[in-house]
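Here is a short report on how two parts of one chain meet. Look over the sequence and the model first.

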Amino acid sequence: MKDDTIMVHVSRDPSRHYGIVNLPVYHASTVLYPTIKAFNNRIKNKYRGVRYGASGTPTTFALADAVATLEGGAGAVVVSSGLAACTMALTAFLKQGDHILVTDSVYGPTRKFCDAVLKRFGVEITYYDPLIGGNISELIRENTRVVFTESPGSLTFEVQDIPAIAEAAHNSDVLVLMDNTWATPLFFKPFEHGVDISIQAGTKYIAGHSDLVIGIITARTEALFRKIKDTTLAYGDIAGPEDCFLALRGLRSMGARLRCQQEAGLRIAAWLKQRPEVKRVMHPALPDDPGHALWKRDFTGACSLFGVVFHTSSEKAISHMVDGYRFFKIGASWGGFESLVIPAELQKIRTAVPWTETGYVLRYHVGLEDPEDLIEDLKLGFDRLNQAHKQKA
Ligand SMILES: Cc1ncc(COP(=O)(O)O)c(C=O)c1O
């Protein structure tokens with residue numbers, strides 16, 4: 001079955017719910033059992049069954065199964081946020097004395113979790129150049145357990161050579177985790193490229209409407225899935241049923257939204273690229289992007305999130321441009337229906353490969369507005385930018 005058909009039909013059976021198209025929202029804390037024997041046997045249902053509200057309801061499992069099917073994994077676990085999906089997935093495989101390799105392009109709060117929490121629990125962390133490819137083998141130590149990848153990075157958009165990284169990691173029995181939020185399960189199939197655990201911030205394109213926070217962790221094998229589930233159960237982390245329902249509803253239309261946003265995103269990225277005020281655009285689907293060849297080899301599409309490096313470094317001039325945008329709102333959580341923009345202060349973040357490039361960096365997310373209106377918005381923004389520079393001169 002093709003992905004578009006899966007997204008429409010997965011995880012629902014109207015014949016079991018009065019013919020109603022969408023699966024109902026199951027709210028639960030208490031689950032009742034008819035006998036003591038049944039109660040004592042509930043643990044046999046630990047991984048997939050309904051046994052207690054905090055371990056999942058049919059609504060939670062429906063979302064998990066839908067994402068697992070699209071990613072092509074053995075099983076998935078729904079957690080309370082995309083960040084929780086990153087932290088739970090890491091925690092599941094680590095203990096005191098272990099070492100992990102984390103891409104320098106990793107989502108900021110995931111880095112913060114590594115530095116503020118994992119280090120405190122005695123885990124060693126090495127950040128690596130996202131473009132390292134198979135040379136990651138040189139960084140693998142006796143106690144290395146996990147390589148954490150994110151491709152493309154969600155601020156700087158480097159495409160990682162995931163198959164080469166996975167081959168090197170697996171040669172040393174090291175697991176490969178990937179934050180696959182940018183591509184979504186539609187545009188990158190992690191398990192076909194050697195990934196062991198795939199992470200989705202469902203908050204973004206899956207939910208797609210900027211109104212909820214949710215994470216999904218999908219595992220390549222049943223054994224890995226159980227390890228993740230054991231961890232999230234131990235922490236008591238779970239997403240609320242209403243959010244699972246909304247995320248599942250968002251998933252039904254994700255293909256159509258993504259393709260529309262992909263096209264508009266590319267058009268706007270190409271338009272920005274030819275502007276004299278722009279130094280470069282970081283979008284792997286643009287043919288001259290440094291990551292284009294790898295993107296073309298491994299991905300089947302691009303979402304609408306990309307970066308722009310400007311010639312100017314003046315925050316004042318950039319603010320004149322951005323603060324006056326009509327449609328590009330200033331906001332961080334992407335993947336919804338409206339266009340967004342945020343500044344990216346990369347000098348403050350990178351350690352393995354310090355960011356030395358001059359020029360202000362903005363990250364754009366293209367929503368579902370008409371691209372003509374968005375381009376007009378950007379055009380007027382450049383007028384303000386140039387005016388600000390003139391006034392200064
Ligand atoms: C690449 C990436 N991963 C994970 C997350 C975390 O998702 P959430 O906001 O649901 O915690 C984000 C959020 O911006 C993200 O951009």
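How many salt bridges are there between domain 1 and domain 2? The count is three. A salt bridge here is a side-chain nitrogen of Lys or Arg within 4 Å of a carboxyl oxygen of Asp or Glu.

## Basis

This is a predicted model: local features need pLDDT of at least 70, side-chain atom pairs count only at pLDDT 80 or more, and totals for chains, interfaces and linings use all residues. Residues are numbered from 1 along each chain as its sequence is written, and side-chain values use heavy atoms, leaving out hydrogens and water.

## Two domains

Domain 1 covers 3–252 and domain 2 covers 254–392. These bounds come from an automatic or database domain assignment. Over C-alpha atoms, the domain centres lie 28 Å apart. Domain 1 brings 39 residues to the contact (heavy atoms within 4.5 Å). Domain 2 brings 38.

## Buried area

About 3400 Å² is buried between the domains. That is accessible area (1.4 Å probe) lost when the two parts are put together, summed over both. Carbon and sulfur atoms give 64% of the buried area. On the domain 1 side, Trp182, Phe187 and Tyr205 lose the most area to domain 2. Together they make up 26% of what that side buries.

## Charged pairing

Arg259 forms a salt bridge with Asp4. Their closest N and O atoms are 3.1 Å apart.
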